[in-house]
Amino acid sequence: MVRFDDVGLRYGSGPAPEVLRDVSFALPQGSFHWLLGPSGAGKSSILGLMHLALRPSRGEVEVLGQPLTRLRRGALPGLRRRIGVVYQDFRLLPHLTVFDNVALPMRIAGRAEAQLRADVAEMLRWTGLDGKAGALPATLSGGEQQRVALARAVVTRPALLVADEPTGNLDGAQARRVLALLREMHRLGTTVVVATHAEGLVAEHPAPALRMSEGRLVAHG
Amino acid sequence: MARPPRVRRSRGRDPLGLRRALSDRLLPALVAAMALLAALALAGAQGAAELTARWETGAAAAVTVQLPPGAASGGRLERALAALEALPEVAGARLMSEARMQALLRPWLGEAPAVALPLVIELRLAELPASPEALAEQIAAAVPGGVVESHGVWVARLVALARSLQAVALAALVLVAGIAAAVVAVAVRAGIAARRAAIALLHDMGATDADIAGRFAGRAGLLVGTGALLGTLLAAPVLAGFADLAAPLLGRVPAGSLAGLPWESVPWGALALLPLLGAALGWLTAQATVRRWLRRLP
Ligand SMILES: Nc1ncnc2c1ncn2[C@@H]1O[C@H](COP(=O)(O)OP(=O)(O)OP(=O)(O)O)[C@@H](O)[C@H]1O
Ligand SMILES: [Mg+2]
């Protein structure tokens with residue numbers, strides 16, 4: 001489902017140092033994994049590679065059974081549509097309503113308006129945002145924005161869901177709620193990877209973990 | 001189910017917020033000005049072409065030499081032709097055929113003129129002389145008893161002038177199109193810069209380059225097409241006015257009043273093409289600009 005083989009990553013060109021070095025692991029389909037490590041360890045970089053926002057400088061990344069080095073650029077959009085992403089900084093579009101933000105991946109995938117309406121409404125209900133469909137992101141609390149980001153990531157029922165610090169800005173109750181939603185996606189069959197600092201939350205939800213330190217994978221399991 | 005308000009829902013079709021990032025003010029206004037220039041250049045080119053066509057017949061025989069009707073006998077004509085051919089300024093000399101002369105004279109003399117017609121020798125010149133009068137004297141000296149007519153030289157000069165005007169107008173047209181493309185490219189690049197984050201997000205979600213470039217191109221095509229239409233509409237009365245000024249040159253009577261302007265001589269067909277060509281230019285330029293920029297994304 002997701003495989004890294006001796007992956008190295010450096011940002012930009014030239015003699016920049018590698019921020020990821022010799023990272024190798026495999027995540028089976030339908031698994032749930034934590035991605036742990038101190039700030040700057042390379043968690044977001046790993047997730048960026050997983051959702052095809054970055055290309056490895058070295059090694060092979062295989063996502064949804066597709067080895068990236070052998071894919072044409074034109075094949076990437078189709079693959080990206082099967083991956084849901086919750087960004088560390090949400091990345092909601094400020095000029096779109098909650099409804100339109102959540103509908104965005106479906107519109108990009110070319111789903112008919114009549115069809116996507118019901119799916120988006122269901123996703124808003126699922127994340128407890130029913131009353132906020134017409135609101136602009138700027139008028140929402142941090143927790144609500146986080147849930148919009150989550151609803152947008154899962155509305156297309158992706159095969160792979162990556163979440164970067166999805167509870168970063170939330171209090172305990174809000175964080176638990178978001179995590180419950182992520183675990184439910186896992187229960188429904190999605191492969192889920194969640195990067196976090198929140199060791200307390202990890203303790204509450206034991207699951208296999210990838211542990212990073214200074215760009216290297218130091219523990220897996 | 002909570003239904004978002006209508007206006008906002010329709011914005012969902014514009015996730016990049018291009019209605020603001022490519023605003024409907026500056027670009028159409030600039031394009032309108034350029035379309036006005038293009039329309040003027042276009043009409044200039046067409047007008048010059050019309051004048052050229054009209055004058056060309058007059059210029060065909062820049063210089064003619066007339067000999068009295070009896071000159072055909074006694075070898076006088078042959079001597080004159082040989083003398084003329086010998087002049088370095090003359091590229092060719094030939095007798096105007098009777099049929100052509102009759103055709104030229106028909107309006108004045110009718111079908112079968114009773115009078116004896118003079119012999120007319122048409123000269124093709126190697127190049128237009130600096131002083132037609134001096135050339136006329138030279139020719140008169142070469143052909144004793146011949147009457148030299150060199151007004152055609154002036155007409156030929158006007159034709160050359162009209163031709164170069166036509167070339168200049170077409171060059172201006174090309175230049176305007178180039179500037180318009182540059183303006184669109186700059187506006188699109190500014191739009192990309194303003195929406196960089198949203199573009200990256202759509203790209204990450206699996207939007208194709210064609211999808212993203214298509215959104216910019218649709219918007220740019222609409223704005224440029226609208227601007228070009230506006231400029232073209234502004235140009236029409238100006239062109240009708242010019243056509244009125246040029247009327248005497250084309251053997252028409254100037255109108256002098258707005259309603260009487262020669263609207264039929266405005267090149268409507270070419271003008272109608274301007275907004276379409278403008279829209280196409282905007283669309284293509286935006287496509288190229290955005291696709292080029294998108295190549296930097298993984
Ligand atoms: N766009 C970038 N350009 C250059 N260097 C970058 C870029 N993004 C991250 N880095 C560097 O890569 C390294 C790993 O960053 P990354 O964001 O993957 O860490 P992280 O584990 O997600 O940290 P955090 O927990 O703070 O989010 C850091 O040293 C960071 O400075
Ligand atoms: Mg991070």
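**Close-up views of a predicted model**

**View 1. The interface of chain B and chain A.** In contact (heavy atoms within 4.5 Å) are 27 residues of chain B and 30 residues of chain A. The two chains bury about 2,500 Å² between them, 60% of it on carbon and sulfur atoms; buried area is the accessible area (1.4 Å probe) that two parts lose on being put together, summed over both. In chain B, the residues that lose the most area to chain A are B:Asp204, B:Met205 and B:Pro298, together 26% of what that side buries. This is a predicted model, in which local features need pLDDT of at least 70 and side-chain atom pairs count only at pLDDT 80 or more, while totals for chains, interfaces and linings use all residues. Residues are numbered from 1 along each chain as its sequence is written, chains are lettered from A and ligands numbered from 1 in the order in which they are written, and side-chain values use heavy atoms, with hydrogens and water left out.

**View 2. The salt bridge between the chains.** The count between chain B and chain A is 1 salt bridge, meaning a side-chain nitrogen of Lys or Arg within 4 Å of a carboxyl oxygen of Asp or Glu. B:Asp209 forms a salt bridge with A:Arg73, with 2.4 Å between the closest N and O atoms.

**View 3. The surroundings of ligand 1.** Around ligand 1 are 13 residues (a heavy atom within 4 Å), and the closest are A:Ser39, A:Gly40, A:Lys43, A:Ser44 and A:Ser45. An oxygen atom of ligand 1 lies 2.8 Å from a backbone N or O atom of A:Gly40. In the side chain of A:Ser45, an N or O atom is 2.6 Å from an oxygen atom of ligand 1.

Definitions and conventions:
A polar contact is a pair of N or O atoms within 3.5 Å; within protein, one must be able to donate a hydrogen and the other to accept it, and residues adjacent in sequence count only if both atoms are side-chain atoms.
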